[in-house]
Amino acid sequence: MTRVIHTGDTHIGYSQYHSPVRRQDFLDAFEAVVDDAVDDGVDAVVHAGDLFHDRRPELRDLMGTISVLRRLDDAGVPFLAVVGNHESTRGGQWLDLFERLGLATRLGDEPVVAGDTAFYGLDHVPVSRRDDLDYAFADHDAEYAALVAHGLFEPFGYADWDTETVLTESDVDFDAMLLGDNHTPDTAEVAGTWVTYPGSTERASADEREGRGYNLVVFDGDAAGGDDVVEVRRRALDTRPFVFVEVELREGEGESRVRERVREYDLTDAVVHVEITGEGDPVTPAAIEEFATERGALVPRVVDRRDVETDGDVDVSFADPEDAVRDRLDEMSLSTAARDVESAVRSDTVPDANVRETVKRRVEERLDEEADLDAFDPVGPDTETDEVGGREEEANGDEAEQEPDGDGGNDESDASDEANADEPHTGESDTDESAPDPASTDGQVSMEDYL
Ligand SMILES: [Mn+2]
């Protein structure tokens, strides 16, 4: 019999809402999981990726993580892990550092045995490179086998990775796939194999409404009352309270009604989301946020979803506006990378919801190809051929459709979040607060952004 704690999507280092308290919360959640593992004496902690929120964790996040891993190691509990999309770096992985320190084992195509189960790993692989995967795993002679992987697998939401293909093409017969990436916990059976997500351990987005937790997975011939060899049980974590207040204003109602609704909740130390819909008078979100703070909220966020009146149509016309834009762009000596970004933003073939992810991916791909760093140098107005290439690329829909994160949904502030990740010291400046759309100025992003 083997008993392991299966967790993932810890997102350590995430200063959600630019809050240092929230940043600590993500590390605390990891610590809580490890505490349970030590108390329980499980055979291993299996981590399915996204231990860190981004590829450049700060020193304090690394030190915090190391001290938690050290506690686990002192208790003799192995930490077996794979690399997720959020933390993946171009060179070595942070996980390799922990392995070098003797605090972790990076799973791969060779079996790592804990109890009587062989564990294998599959790091996150972008959709564009999945065709090259051969799912070749070395033999094992353990009783059971499990594949730990990071990605969006069928049959769960946002899936872009076919689980049956993985299971069919693998040369090891897995009893379970222990997954990370999808922050919504769920378990299903695919072709006789249990596939399960434990979900994130702290809410990385306000869309993650249900309680957080992790899985306790038991490999045992008599698991699940003898009906199976794998049993997946979910355990809850005590995390930061999130309070959601929905206020639908009627004609004539306004700020006082919103306050009245907010007052109905215990806001102590909570992240508070107030959403205003309906009719009624204008409300100043800042005033409501101040009110929530006075009532003990850690982070108050107010979003007014009511239609905001615009200044009417823009009264400018060009014979061919696209042509005018192109002319202006030609004068700007933009780098190839900047043109990539510009074309993704302006293109008709990239759906609005995918723009941020597309931009992020294009820049990342250029960064990943060391040889492509020239693409960030400004080019003169004479070398315009890149622009055509850029447009062709998006015309065939490649970028927009092949999204490893499956971020087909609402990508409100992923890009600004990445910007913060690259420049941690500007993280407090709330860059996303300056965006014009009220729905995207709450510093909050949808769940898909954090898968
Ligand atoms: Mn994640």
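**Close-up views of a predicted model**

Residues are numbered from 1 along each chain as its sequence is written.

**View 1. Strand S2 and its partner strands.** Helices (H or I, at least four residues) and strands (E, at least two) are DSSP runs, numbered from the N terminus. Two strands pair if DSSP finds at least two bridges between them. Three bridges join S2 to S3 (residues 79–81), and these strands run parallel. Strand S1 (residues 2–7) also pairs with S2 in the parallel sense, over four bridges. Within that pair, Ile-5 stands opposite Val-45. Strand S2 (residues 44–47) is covered on both faces: Ala-44 and Val-46 on one side, and Val-45 and His-47 on the other, are all buried. A residue counts as buried if 20 or more other C-beta atoms, placed from the backbone, lie within 10 Å of its own.

View 2. S1, helix H1 (residues 20–40) and S2 form a right-handed β-α-β unit. Right-handed here means that, with the strands pointing away from the viewer, the path from the first strand over the helix to the second runs clockwise.

View 3. Six strands make an open sheet in the order S4-S3-S2-S1-S11-S12, with mixed pairing. Strands S4 (105–106) and S12 (230–236) stand at the edges; each has a single partner strand, so one side of each is left without a neighbour in the sheet. S4 pairs with S3 in the parallel sense over two bridges, and Ala-81 stands opposite Arg-106 in S4.

**View 4. The nonpolar cores.** A nonpolar core is a set of buried Ala, Val, Leu, Ile, Met, Phe, Trp, Tyr and Cys residues joined through C-beta atoms within 7 Å. The largest such core has 67 residues, and those with the most contacts inside it include Val-45, Phe-119 and Leu-178. Helix H1 gives the most to this core, with seven residues. Leaving aside neighbours within four places in sequence, Leu-178 is in contact (C-beta atoms, placed from the backbone, within 7 Å) with residues including His-6, Val-46, Thr-196 and Val-217. A second, separate core of 18 residues includes Val-245, Val-262, Val-283 and Leu-298.

How values were computed
This is a predicted model: local features need pLDDT of at least 70, side-chain atom pairs count only at pLDDT 80 or more; totals for chains, interfaces and linings use all residues. A residue is buried if 20 or more other C-beta atoms lie within 10 Å of its own, exposed if 12 or fewer, and partly exposed in between; C-beta atoms are placed from the backbone. Two residues are in contact if their C-beta atoms, placed from the backbone, lie within 7 Å.
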